[in-house]
Amino acid sequence: MSVQSSHFQPHSCGRSLGGTSISLCQGACGTSIRRLTVPNRWRSTANGQRALFFNANNICKPFRGINLQIVESLSVRKPTRKHRQVDEFKSIKSQAKDEPAEHSNVAQTAGKLSVVNLNNDSFKGEARSSSQAGESSSKSQQSSISKEVASADSSPLLQTASSSSPVNHKGESFLSIAVIGATGELAKGKIFPALFALYYSGFLPQNVCIFGYSRKNLTDEDLRSIISSTITCRIDHEQNCDKQMDSFLNQTYYLNGGYDTDEGMTKLDARMKLFEGSAESNRIFYLSVPQEVLLDVAASVANYAQSKKGWNRIIIEKPFGFDAPSSQRFTGYLLSKYQENQIYRIDHLLGRNLIENLTVLRFSNLVFEPLWSRKYIRNIQAESRILLCRYFEGYGIIRDIVHSHILQTIALLAMEPPISLHGEAIRNEKVKVLRSIRKLEPSDVILGKYKATYGDEVHVNNTNLTPTYFAGALFIDNARWDGVPFMIRTGMGLIKHRVEIRIQFHQVPGNIYRERIGHNVDLATNELILRDVPDEAILIKVNNKVPGLGLQLDASELNLLYKDRYNVEVPDSYEHLLLDVIDGDSHLFMRSDELAAAWNILTPIINEVDKKNISPELYELGGRGPVGAYYLWAKHKVQWADD
């Protein structure tokens, strides 16, 4: 406080200024402040009045700390929250504390207090106008906040959003995650457990709220009860599991509304704003809804629920269309509402550690990259034996598995080195591979349909011959892969659940150990095996000498078994993909041009199936698949590694 010189009338705030102390009046300051000792400097003026003269040094020391006393007397308390490190989420900083709105306003007003009005005529007008302006500003802010909360409380959809809502007043970025279709099986079984695992691991920002939205009439507590019955802590997350679970559930809220109603999305937007405050607000919308209402939901979210103060991203589940024309219409409508970088087409099979390891193994190891071409690789086998699924019957294995998972795996495996690890750089290389894949011919494809057995009876649904098995030979027409067959096999109800990629190399030219290998030279072929199921591993098949006096060769596997090497529990694929969405990493999500290129490869086969020119071959449930697949391997001179 800077004071040059002042004089006060004896009747100002104190009862008497004739002594050595003055009392700051309670009415002027709004609170009781202790008496301050001031040196006696009374002098007589020309007009006969008594006046007090002093300089700044005499009064600054007693006034020092007035602001602190005012704040302490108001007992402003800030709720503390545990600060957790967020390494991967770079764009949103951690928030240490939240501050209620009314306390924040008072603290700001007190912080600006630098001159105490002692009712002196010389600066009475200036101090009064400053005080009135501050009071008017404070009342205006409190009035606007009260109106906003009152308006929110009056809404039936926002009945649980009261003054207890942790409004963000720290000015830090805020993340809202909305799960549309929150009471569905996917949300309960996969999405919410994945979000909790990320929360426990510290990969969600501190300023985060999760909103469940569906048509059911539930409360916040109802949703929390549903979620709590499905989420568990991993083995490496056992410490403070209950405490972390309670904290996660307390940041989860529910709204009920129609999927395509503008009113529901407007209320969702209002509910989010209550928590976000005035800071940068980012939002993720996971559209876990049936395909028939997906576009309506996406439109309502785009029109009424997007943040105006940050980025917005939507996640949609496969299948991404039923065929090329429907996919084109689907994509066109989405792009009329969103930018391409806002759309994340999720396929949980691409979130497996095997897929991420494809590029790591190839581009970070000198021993593999020089071999990655037609010069050394004889064929590549990609296999995905999947479990039975009710949802699968409506679309078939071509639209559900081959179009996304299989072709994306081939693209990552065969692409040229990207210029960086940026998502768009990787997607640019993937789409080049997809555009280079030759259109499938019916002669290079085997389709199958499993038949269920009940005792001695065989049950076949003749009205629904949707393929549940696909085997095919793909060829990439470019300089690196010309002539190399990419053999793919995927099916349901097979003998064993297995997911792996097997790369077979050419035989050694002029091998001097040919006579020692035996009659079946294929058994001595070097292989690189990337296995995801049943036990995640990297295997290299090599030829070596059997110990002993003779010279006998044996084909052995050098193995890196993950469960033996790494004592950690592998995260679920949804955790991986949701974290990528939060970080804005899009390399495992299909872009619109990738989508179109994939449909272009499969359209000839889909058309033949729809015209019933290709009939699926029946195979036993729990068997090895259609017999025709083995003829397909023989046609392309491929020895398929089987059980």
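## Pairing and the predicted model

Two strands pair if DSSP finds at least two bridges between them. This rule is used throughout the report. The model described here is predicted.

Strand 11 (residues 377–386) and strand 16 give a clear case: 7 bridges link them in the antiparallel sense. In general, strands of a sheet pair through backbone hydrogen bonds, either parallel or antiparallel.

## Strand 16 and its partners

Strand 16 covers residues 499–505. Ile 377 stands opposite Phe 505 in this strand. Strand 16 also pairs with strand 17, again antiparallel, over 6 bridges. There, Arg 502 has Ile 529 of strand 17 as its bridge partner.

How many residues of strand 16 are buried? The count is 7 of the 7, so the strand is largely enclosed by the rest of the structure. In a regular strand the side chains alternate between the two faces of the sheet. In strand 16, Val 499, Ile 501, Ile 503 and Phe 505 point one way. Glu 500, Arg 502 and Gln 504 point the other way. Both sets are buried.

## Helix 12

Helix 12 spans residues 353–363. Its buried residues are Leu 354, Ile 355, Asn 357, Leu 358, Thr 359, Leu 361 and Arg 362. What do they pack against? Their neighbours include strand 16, strand 17 (527–533) and strand 18 (537–545). Helix 13 (396–414) and helix 16 (562–565) are also among them.

Another sheet is open and has 6 strands, in the order 7-6-5-8-9-10. Its pairing is parallel. Strand 7 (252–256) and strand 10 stand at the edges with a single partner strand each, so one side of each has no neighbour in the sheet. From one strand to the next, the twist averages 20 degrees.

Strand 5 (residues 174–180) and strand 6 (residues 208–214) run parallel and are joined by 6 bridges. Leu 175 has Val 208 in strand 6 as its bridge partner. Helix 7 (residues 220–228) packs on the sheet and touches strand 6 and strand 7. The direction of helix 7 makes about 120 degrees with that of strand 7.

Strand 9 (residues 312–317) pairs with strand 10 in the parallel sense, over 4 bridges. Ile 315 has Tyr 344 in strand 10 as its bridge partner.

Is strand 10 (residues 343–346) covered on its faces, or open? Both faces are covered. Ile 343 and Arg 345 are buried on one side, and Tyr 344 and Ile 346 on the other.

## Ser 281

Ser 281 lies in strand 8 (residues 281–287). Is Ser 281 buried or exposed? Its relative accessible area is 0%, and buried means under 20%. Ser 281 is therefore buried.

A polar atom of the Ser 281 side chain lies 3.0 Å from the backbone oxygen of Ala 279. Leaving out residues up to four places away in sequence, Ser 281 touches Phe 174, Glu 276, Ser 307, Lys 309, Gly 310 and Trp 311.

## Cysteines

A disulfide is a covalent bond between the sulfur atoms of two cysteines. The structure holds 1 disulfide. Which residues does the disulfide join? They are Cys 233 and Cys 241, with an S to S distance of 1.9 Å. The link is right-handed, with 95 degrees about the S-S bond. Both Cys 233 and Cys 241 are buried. Cys 209 counts as buried too, because its relative accessibility is 2%.

Notes. Residues numbered from 1 in each chain as written. Predicted model: local features only at pLDDT ≥ 70, side-chain atom pairs only at ≥ 80, totals over all residues. Heavy atoms only, no water. Buried < 20%, exposed > 50% of the residue type's maximum accessible area, 1.4 Å probe, protein only. Helix = DSSP H or I, 4+ residues; strand = E, 2+ residues; numbered from the N terminus. Contact = heavy atoms within 4.5 Å. Axes fitted to C-alpha atoms, helices over the stretch in contact; angles between N-to-C directions. Disulfide = S-S within 2.5 Å. Polar contact = N/O pair within 3.5 Å; in protein donor to acceptor, adjacent residues only side chain to side chain.
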